[in-house]
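Open the model in your viewer and keep the selection panel at hand. The stops below go from one selection to the next.

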Amino acid sequence: ASMLLNNTIEEKSNRIIEVLLSSVTAWELMAGKLLGIAAIGLTMLLTWIASAAAMLWYWASPEAEAITNLASVIFDSTLLPAFVFYFLLGYFMYASIFLAIGSICNTIKEAQNFMGPVMMIMIVPILTMAFIPKDPHGTLATVLSWIPLYTPFVMMNRAAADPPAFDLYGTAIMLVFANIAMLWLCGRIFRTGILRTGQPPRFKELLGWLRRGD
C-alpha cells in the first residue's frame with residue numbers, strides 16, 4: 001500500500017496524473033492502481049504458499065510425523081482461504097486510505113503528517129499479536145475482531161484456533177461492507193484531491209468533500 005502512496009504523490013508532483021486523467025476517470029485510475037498492486041501482493045503471497053507446499057510435500061513421510069501434521073493443518077483446513085480473504089480485504093482497506101492521502105499531498109513530507117494517525121492504528125494489532133494466540137476466544141481478541149480496521153490482522157491470527165462461526169462469518173460480512181464504505185469515501189477524496197495543488201486540506205475541508213463529493 002505504501003507503493004501506492006509514493007507512486008500517487010510522484011505522479012501528482014510531476015503532472016503525470018493530468019495526462020492519465022485525460023484518458024480515464026478518477027475512479028477508474030484509483031481502481032486500476034488498487035487492483036494492480038493487489039495483483040503483485042497476491043502473486044507474492046501465492047508464491048510463498050506454493051513454495052511452502054512444495055517443501056512440506058517433499059519432506060512429508062510416515063517418519064516425519066510433525067511435518068505431515070503441519071501440512072495437513074495448513075492445506076486440509078480453511079486456514080489458507082481465510083488468510084487470502086483477510087489479506088485481500090485488509091489490503092483494499094488500507095490501500096484506499098493510502099491512495100486518498102497520496103491524492104491530497106504534493107510531497108512525501110506532507111503525507112507523513114497524515115500517515116501518523118494511520119500508523120498508530122496499525123500498531124495496535126501488531127502489539128496484541130503476542131496475546132491473541134494465547135487466548136484467541138478471549139475478550140481482547142473478540143472485541144478487536146469487530147473493529148473493521150483491525151479485523152484482517154486479528155482474524156488471521158484467530159483463524160488457526162477455529163473461531164466461532166458467528167465471529168468468522170460475521171466479521172467477514174462486516175469487513176466486506178466496511179471495504180465498500182471505505183472505497184466510496186476514499187474515492188470521493190481521491191476524485192477531488194488528485195488535481196488539487198497547494199497546501200493539503202484541513203480535516204474540516206475533507207469532511208466537506210465527503211458531503212458534497214465535488
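Predicted model: local features only at pLDDT ≥ 70, side-chain atom pairs only at ≥ 80, totals over all residues.

Residues are numbered from 1 along each chain as its sequence is written, and side-chain values use heavy atoms, with hydrogens and water left out.

Select Ile 101, Phe 114, Ile 189, Phe 203 and Leu 206: of the 23 residues lining the largest pocket, these lie nearest its centre. A pocket here is an open set of points on a 1 Å grid over the protein atoms alone, where a 1.4 Å probe fits, with protein on both sides within 12 Å along at least five of seven lines; lining residues have an atom within 4 Å of a point. Its volume, the space filled by probe spheres set on the points, is about 610 Å³.

Next, colour α5 (79-104), α6 (108-128), α9 (165-193) and α10 (203-212), each of which supplies at least two residues of that lining. Helices are DSSP runs (H or I, at least four residues), numbered from the N terminus. The lining of the largest pocket has 20 nonpolar, 1 polar and 2 charged residues; Ala, Val, Leu, Ile, Met, Phe, Trp, Tyr, Cys and Pro count as nonpolar, Asp, Glu, Lys and Arg as charged, and the others, Gly among them, as polar.

Move to the second largest pocket, with a volume of about 520 Å³. Ala 1, Phe 87, Gly 90, Tyr 91 and Met 122 are the closest to its centre among its 20 lining residues.
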